[in-house]
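Reader: Could you take me through the reading of sheets and helices, with a general idea each time and then the case at hand?

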Amino acid sequence: MEIPSKYEPQQVENRWYDYWMQHRYFHSEPDEREPYTIVIPPPNVTGVLHMGHMLNNTIQDVLIRRARLQGKNACWVPGTDHASIATEAKVVARLKEQGIPKSSLSREEFLEHAWEWTHEYGGVILEQLKKLGCSCDWERTRFTMDDDMSASVIKVFVELYDKGLIYRGHRMVNWDPEAQTTLSDEEVIHEEKQGLLYYLAYQVEGSDEKVTIATTRPETILGDTAVCVHPEDERYTHLIGKQVVVPICNRKIPVIADEYVDMEFGTGCLKVTPAHDVNDQQIGQRHGLDIVDIFNPDATLNSYGLHYEGQDRFVVRKAISKELEEKGYLVKTETHMNKVGTSERTKAVIEPRLSEQWFLKMKDLAQPALDAVLESGDIVIFPNKFINTYKHWLENIRDWNISRQLWWGQQIPAYYYGEGQEDFVVAESPEEALEKANKRLQGTRILTAADLRQDEDVLDTWFSSWLWPMSVFGGIMEPDNEEINYYYPTSDLVTAPDIMFFWVARMIMAGYEFRDKRPFKNVYFTGLVRDGQRRKMSKSLGNSPDALKLIEEYGADGVRVGLLLSSAAGNDLLFDENLCQQGKNFANKIWNAFRLVKGWEVAEFEQPESAAKGIQWYDAKFQQTLELIEDHFSKYRISDALMAIYKLVWDDFCSWLLEIVKPPYQQPVDTKTLEEVTRQFEETLKLLHPFMPFLTEEIWQHMAERTEEEALIIASWPEIRATNTELTAGFEFAAEVISGIRTIRKEKNIPMKESLELQVIDAEKTGDFWNGIIAKLTNVTEIRTIETAPEGALSFRVKSNEYFIPVSGKVDVAAEIEKIQEELAYTKGFLKSVQKKLSNDRFVNNAPEKVVAMEKKKAADAEAKIETLEKSLASLE
């Protein structure tokens, strides 16, 4: 194959991805090898690729490609989540555009539209992941609404209900008035918002006295059923048992006493609205209060809202406060910071609402998940800073509201056959439900299928995805099948910390509950992707770049490198597009190195000593780096592993090794050197492949004719062998000598073509092992060991060794002496000024410790510089 002059990712990426797919390198079947399994955090079926997905899936692909190279049976299961709320909202919006209200459709008709949407948009994000290079086993792609996946969810519901862990209860829930469904506590985001505290006067019946209450929600007074005071509050004890009149609606309500009331907050009087506040509901239960619900499901006011019926709650808030003021009920308002709950999905302000819902008892399920992380170490969280958050949530867990008032999702398998609260059965199918119901009725009446009515609600989306590591391998429906026994528990989970509770903790609970095993060994939490202003990247803020355009511009490998270079383990990633440019530059550097090696002519002659030593050194350096990389991977420091490889390639391979072994201009290279450098290049490509799969496969296939069994994607990861630390340390020393000579050439404008002599007072006893390499890279003709410093020479020091370059005829000695004298005079003057400052007791005693330390360092640096300059001057004079 002809080697292009430039690396063109657009020409390369599709070709190699198609090649990998054609030869089914991504596909996995159970065999005798050690499995390495990752299940993808399933993105929403409605989703498109964003920066968070890019980071998360790049890390997963790095891990899976490395495992494949290590000879493991790597299986990465992709799929999507049906995302009940998000998908239903999009379908409803599209229907609205077509002039079709959801209410005009039957459930079956609506689901046809939802499936149509899913088939139209469902595969978009998975296709985009292919552009990134993700090596998922696409033959295993799953969707949480696939028939067998849904069957798993239903089976688990029935099993948990039969164990007494699922129950139906009338509770105060989080209601999303936009999606018109309940939400679990974890789906509510609490935000500090500034609002007003309204002080309202309620008339005490039969007297001129008034009581003043403070509320942030004046519209809810229409649902008040009591005013509550603390039983020991002497200001109000005389009112307990009396009636007050609610402004505007003129309803009489009792004054009650309850210790819940904070005497210090507001006026010490609390309005009680049991239908619209969880604490008020508890007070209402204790005191047997009426419940007056003033809201419709969409948060407009109902008939209890009087003349405000049909108006939105926030419109009513403004209007009613104006009416209260006009009628003399509004005493005053104050600004007030309030925690407001909003829906994670729709951003609507949540309404507390009393509702009949399904709940899952969590306390007993949570204990094994807590023990697995905190006690046994069965599951390890990286970085460990997230362990306390995990612990806090599980120790304070509440029952999970698992029902949603939607149509898109798994319909709750509860079947009603009568009017009573308990007239229902839970079953996996209508046929089984009919059998159970008739059995329960014991012949008092015989039911037919037409007598059964299935619960309208669906299950929370997370109730399907908490089974994901099991259900993708059929582990719920066929608990002893070959695949679940081979691939489960999975190996690593890579996800974002913001779904630690929604998904990660619940998967752990499900794993122990249904298989008595952890679902994965390691959990790696990535950081969140933020912009330069530290804002989370999102479509709504318009600060998220188009992922596919980035790939188009910088190549998939460039984007992968850019993302990982900016992403230290578990810390938020401050994304900067320049890092993708750095990734692209890195790809070009490697490509140019490859073209250089491939461009050498080869001939049969003895290998130069400098080349032999350079190759020996790079082998040792490679092993040292490999050890470091393995350590980084073991701690999930993926970015650090990439940085170690980056330095190995850019500095050690390109800047040092290739310069050492490169033949003289227009001369051939010897066969042995070319063979060994090619071997080293190939080993280095293996380390790079998980991070830059396209570029590395392209170079690998250009280096030699390869069969499909010899593709880089299935090559062997390098083995760790003993590192020759003497070689690596020795070369570091030699590199400093080379750097010293190059600095003198640069500072004194001595061209590279002009050869130099190097003399050394060899206090370190370094010998002449590296002299050939030093000579080649600096154009030094002779390296001599001497006993005393020569005259008329420029010098530099490496550790205890002093190096001298005689310069007569090469530099203007008189001009050099003058230059050094000027620099010496300036440095002595600078030192004097610093010492003056340090001899001032007032400065030393009053200045911050850091400032004094900095001045002392300046003095020490100046003294060292003066010593060096004086020695240089002495050698020239």
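The dialogue below takes up sheets, then a single helix, then a pair of helices.

Author: Please keep in mind throughout that this is a predicted model.

Reader: Which strands form the open sheet of three, and in what order?

Author: In general, strands of a sheet pair through backbone hydrogen bonds, and the pairing is either parallel or antiparallel. Here the three strands of the open sheet follow the order β15-β23-β22, with parallel pairing. Its edges are β15 (380–382) and β22 (490–495), each of which pairs on one side only, and the twist from one strand to the next averages 15°. Between β22 and β23 (residues 520–525) there are five bridges in the parallel sense, and L493 stands opposite V523 in β23.

Reader: Which helix lies across β22 and β23?

Author: That is α15 (residues 500–514), which runs at about 165° to β23.

Reader: What is the strand order in the open sheet of four strands?

Author: The order is β6-β5-β14-β16, and the pairing in this sheet is antiparallel. The strands β6 (181–183) and β16 (400–401) are its edges, each pairing on one side only. Strand β5 (residues 166–176) pairs with β14 (residues 351–360) over 10 bridges in the antiparallel sense, and I166 has L360 in β14 as its bridge partner.

Reader: At what angle do α16 and α21 pack, and how far apart are their axes?

Author: Two packed helices are described by the angle between their axes and the distance between the axes. For α16 (residues 547–565) and α21 (residues 693–703), the angle is about 125° and the axes are 7 Å apart; the two helices are therefore oblique to each other. Their contact is made by A556, D557 and R560 of α16 together with P693, F694 and L695 of α21.

Terms used
Residues numbered from 1 in each chain as written. Predicted model: local features only at pLDDT ≥ 70, side-chain atom pairs only at ≥ 80, totals over all residues. Heavy atoms only, no water. Pairing = 2+ DSSP bridges. Axes fitted to C-alpha atoms, helices over the stretch in contact; angles between N-to-C directions. Contact = heavy atoms within 4.5 Å. Parallel < 35°, antiparallel > 145°, perpendicular 65-115°, else oblique.
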